[in-house]
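Dear colleague,

My notes on what was found in it follow below.

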Amino acid sequence: MSSRRPPRFVLALLLCGLSPGAFAADPELRAAIDTAWLVLTGALVFFMQAGFALVESGMARTKNAVNVLMKNYTDCCFGALAFWVLGYGLMFGANPSGWIGTDHFLLWGAAHMDYSLLFFQCMFAATAATIVSGAMAERTHYWAYILASTLTTALIYPVFGSWAWGSLYGGSGWLKQLGFTDFAGSTVVHSVGGWCALAGIMVLGPRLGRFGQHGEVRPIPGHNMTSVALGGFILWLGWFGFNGGSTAMADVSVGRIVLNTHFGAAAGAVGVLLTQALLGRPILLSATVNGSLAGLVSITAGCATMEPGHAALTGLVAGTLMLAGEALLLRLRLDDVVGAVSVHGLCGAWGTLAAGLFVAGQDFDLQRVLVQAIGIGAAFLWTFPVAWIMFKAIDTLIGLRAGGIAEQRGLDYSEHYESAYPEFEAEALHEEIR
Amino acid sequence: MAFDASASIPVTRDSALIEGLRRLLPAEQVPLALRLWEEEYSARPGTLRAYADRLVRDYALSQPLRDVHRLLVQHLFLPQTTARPAPPPPVVVPAAELPPLTRAFVELLEELFARFAQSDADAAGMTRHDLADRVLASSLERPQRDALIAWLEQSGPAPVHDYPPKLLRALVHLSYVGVCNALGPLPADRLLAAAIRYAEYHTEGVRQLL
């Protein structure tokens, strides 16, 4: 019975293991295996949304947990549709000018591999968008955030993406032509998300009482460190798909890619721990998780081209850089709830630079480093001003910031009328939810 | 019947404790320290030492715990005739005369500001003043407005009028903002939650103010 037969890609994977020759000779088999690889890794990247949701909601207060979860859950819903309608075409469509894709909008009646790529890239777009939600948590109107997130996925992210990664259907992005290397998106995905987050928190302002009149910083610890740790583990796991899947094909290079990814994450956390120990500061779980995320972000650009030692070094530096970035933001009185700007923006930029510095067999090529720096600068110069204008426009038109009373009651009540912890209703700072 | 927050404490023990507290704290902090005793320690036996320890920590007393404890014990065992009568509580509100929501409002804010003043008396005073300014700018009738302002400025008894819920909610929120700005969001959340618990224990309708 045909329904009892193992799926074709499973057979293909088995065949691949048993007979490399057969695998190379049969293009259909090769395509099936590549598709299986893309779908599997795309699913892992999708699982990262769960990681982001857990990390971000854990770092927020109880009264805003539902709001953070809702934003994470739904930005990838709106984002997927927006990326299908507009983003994929802008990013990967034929790009004769080098500045923007011009076709493959609303993909319809396309080849199987195109659908696989769209699926995989949808997950990447959602990642770029969801980075913003954590930074702006606890004081942003839900619908205003969703609008910003959708525009980021449909416009801001794909335009820069077309410069660095375009195109799949003819033509080439101008950064790509220069030789810019960003294998899985330290800059294309993470810095873009980080710089959007920076613009968002600048327009939004800090949470009520976050900074004192004399510049003192009031800590607002998250409510669930278990959730933060679990989210960190899930993101780490998902990143194997994020970087491993960026080969877009089942390939032997994946081994080194995921090993570098793992080393980057581990070294990022170690970098944070050592820095905190050297400075005589408490060893915080939240910072340690952010350290591993900083390592993951930074190794994303060069994971396919670095030696493992350099991957570890890149992650180690990222961990320390992440702490410095967070301190700088606080000094500037910028309130980033989860440290997204530092983790994704700053460490994404560092990772992209490191991808130019450390290339197996061709380390420290200054010409390459210069191109990387141009790419990093271009990402900032495109993303930050456009995102700032977008957030300003949203603020003017529909209001970006939830009112002070919403901050008192919590956005779970004011935006969703749903409590994450109804058993603790006595602690709630709002009217009873009926 | 008058509503009196300290009525549950036996008068003799109240007097004796106040006498001891007066030797340790500035006069304006004595009612707050007494309230702390009433709420967290008086119902349990053998807690005087823990209470003394709390006083040393919360009020940063220079005396060692041993001396504070001894002082309190000594005063609790004073002959009743030597203990001065307890001072009147800060606010004695004729509960039956208050409209329910006004009563809930008074209970909530009294507790909130008592706790707020424990941490930062100046900021608490400033916030009360801000609230009074807000009331001044409202469109309330003169007697209503003046009574509320006087109470907020701590120069009059609790108001007995009915007030628009919207205004009372706004005043509660402004109080929260004041605590947030002075102490930070986390202490503000905790303080408001504690004040809500206290007020809900004594009256109804508190949630309508949130």
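**A buried salt bridge in chain A, and what surrounds it**

Asp335(A) has a relative accessible area of 1%, and because anything under 20% is classed that way, it counts as buried. Please keep in mind throughout that this is a predicted model. The partner of Asp335(A) is Arg207(A), with which it forms a salt bridge whose closest N and O atoms are 2.8 Å apart. This pair links distant parts of the chain, since Asp335(A) sits in the loop between helix 12 and helix 13 (340–357) of chain A, while Arg207(A) sits in the loop between helix 8 (186–204) and helix 9 (225–244), 128 residues away. Arg207(A) is likewise buried, at 3% relative accessibility.

A salt bridge of another kind is found within chain B, where the side chains of Asp58(B) and Arg54(B) meet at 2.8 Å, N to O. Here both residues belong to helix 3 (residues 48–58) of chain B and are four residues apart, about one turn of the helix. Asp58(B) is partly exposed, with 37% relative accessibility, whereas Arg54(B) is buried at 19%. Beyond this pair, salt bridges that share partners join Arg61(A), Lys63(A), Glu138(A), Arg207(A), Arg210(A), Asp335(A) and Asp189(B) into one network. Over all chains, the count comes to 17 salt bridges.

**Where the two chains meet**

Two salt bridges are found across the interface of chain B and chain A. In one of them, the side chains of Lys63(A) and Asp189(B) meet at 2.9 Å, N to O. Lys63(A) lies in the loop between helix 3 (27–59) and helix 4 (65–92) of chain A and Asp189(B) in helix 9 of chain B, so this pair joins two chains. Both Lys63(A) and Asp189(B) are buried. Asp189(B) also forms a salt bridge with Arg61(A), where the closest N and O atoms are 3.2 Å apart.

On the side of chain B that touches chain A, the elements giving two or more residues are helix 8 (165–183) and helix 9 (185–202) of chain B, and helix 8 gives the most, with nine residues. By class, that side of chain B has twelve nonpolar, four polar and four charged residues.

As for its extent, 20 residues of chain B are in contact with 22 residues of chain A. The area buried between the two chains is about 1,700 Å², of which carbon and sulfur atoms give 56%. Pro185(B), Arg207(B) and Leu210(B) supply 33% of the area that chain B buries against chain A, more than any other three residues.

**The chains and their cores**

Chain A has 16 helices and zero strands, and of its 434 residues 56% are buried. Chain B has nine helices and zero strands, and of its 210 residues 49% count as buried. Among contacts in chain A with a separation of 6 or more, 76% are between residues 24 or more positions apart, and the corresponding value for chain B is 64%.

The largest nonpolar core has 98 residues, of which Phe83(A), Tyr157(A), Phe160(A), Trp165(A) and Phe391(A) touch the most other members. Leaving out residues up to four places away in sequence, Phe391(A) touches several residues, among them Val132(A), Met136(A), Cys196(A) and Leu400(A). A second, separate core of 41 residues includes Leu208(A) together with Ala132(B), Tyr163(B) and Ala199(B).

**One polar residue in the interior**

Finally, what does the side chain of Thr300(A) make a polar contact with? Thr300(A), which lies in the loop between helix 11 (285–299) and helix 12 (308–331) of chain A, is buried, with a relative accessible area of 0%. Its side chain makes a polar contact with the side chain of Trp239(A) at 2.9 Å, and a polar atom of the Thr300(A) side chain lies 2.6 Å from the backbone oxygen of Leu296(A). Setting aside neighbours within four places in sequence, Thr300(A) is in contact with residues including Phe183(A), His190(A), Phe242(A) and Asn243(A).

With best wishes

Technical notes. Residues numbered from 1 in each chain as written. Chains lettered and ligands numbered in written order. Predicted model: local features only at pLDDT ≥ 70, side-chain atom pairs only at ≥ 80, totals over all residues. Heavy atoms only, no water. Contact = heavy atoms within 4.5 Å. Buried area = accessible area lost by both parts, 1.4 Å probe. Salt bridge = Lys/Arg side-chain N within 4 Å of Asp/Glu carboxyl O. Nonpolar A, V, L, I, M, F, W, Y, C, P; charged D, E, K, R; others polar. Buried < 20%, exposed > 50% of the residue type's maximum accessible area, 1.4 Å probe, protein only. Polar contact = N/O pair within 3.5 Å; in protein donor to acceptor, adjacent residues only side chain to side chain. Core = buried A, V, L, I, M, F, W, Y, C linked by side-chain atoms within 4.5 Å.
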